[in-house]
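Let's take a walk through this model together, starting with the overall layout and then stopping at a few individual residues.

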Amino acid sequence: MGLSGSGSFKIPQIKAKVVIIEIFSMYCPYCQKDAPGVNELYLLIENNADIKNKIKLIGIGAGNSSYEVEVFKKTYTVPSPFPR
């Protein structure tokens with residue numbers, strides 16, 4: 001994403017013209033249902049050299065702990081670095 005270091009960051013620090021933010025919850029049935037489509041979108045962006053550095057997709061686990069985010073990632077085979 002063009003970020004240096006680790007920890008918190010601000011959206012404008014992401015080096016991209018467009019940043020798509022996916023808000024999800026491990027407990028949300030709609031989020032669970034949409035996970036494969038979001039994964040597909042992420043891979044389409046990352047595998048297209050023309051847009052890879054122009055569009056970035058990040059995920060935010062609303063109200064989820066780091067553990068819950070990791071469970072969501074594993075359960076729905078979410079590619080890194082999404083979600084955060």
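Predicted model: local features only at pLDDT ≥ 70, side-chain atom pairs only at ≥ 80, totals over all residues.

Residues are numbered from 1 along each chain as its sequence is written, and side-chain values use heavy atoms, with hydrogens and water left out.

Start with the big picture. The protein has 2 helices and 2 strands, and along the sequence they come in the order β-α-β-α. Helices here are DSSP runs of H or I with at least four residues, strands are runs of E with at least two, and the numbering starts from the N terminus. Of the 84 residues, 30% are buried, where buried means under 20% relative accessible area, exposed means over 50%, and partly exposed is in between (1.4 Å probe, protein chains only). As for contacts (heavy atoms within 4.5 Å), among those with a separation of 6 or more, 70% are between residues 24 or more positions apart.

Now for the strands. β1 (residues 18–24) and β2 (residues 55–61) run parallel and are joined by 7 bridges; strands count as paired if DSSP finds at least two bridges between them. To get from β1 to β2, the chain passes through helix α1 (residues 29–46), and this β-α-β crossover is right-handed. That label means that, with the strands pointing away from the viewer, the path from the first strand over the helix to the second runs clockwise. You can trace the pairing residue by residue: Val18 has Ile55 as its bridge partner in β2, and Phe24 has Gly61. Phe24, in β1, is buried, with a relative accessible area of 3%.

Next, the charges. How many salt bridges does the rule give? The count comes to 1, taking a salt bridge as a side-chain nitrogen of Lys or Arg within 4 Å of a carboxyl oxygen of Asp or Glu. The partners are Glu46 and Lys56, at 3.8 Å from N to O. Glu46 sits in helix α1 and Lys56 in strand β2, so the pair ties together parts that are 10 residues apart in sequence. Lys56 is buried, with a relative accessible area of 9%.

Glu68 is buried yet has no salt bridge, and the nearest side chain of opposite charge, Lys74, is 15 Å away. (Lys and Arg count as positive, Asp and Glu as negative; His and the chain ends are not counted.) What does join the side chain of Glu68 to that of Tyr27 is a polar contact of 2.5 Å. Such a contact is a pair of N or O atoms within 3.5 Å; within protein, one must be able to donate a hydrogen and the other to accept it, and residues adjacent in sequence count only if both atoms are side-chain atoms. A polar atom of the Glu68 side chain also lies 2.6 Å from the backbone nitrogen of Ser65. Leaving out residues up to four places away in sequence, Glu68 touches Met26, Tyr27 and Gly63.

Finally, look at Thr77, in the segment after α2 (66–75). Most residues other than glycine have a negative phi. Thr77 is not a glycine, yet its phi is positive, at about 45 degrees. Thr77 is exposed, with a relative accessible area of 64%.
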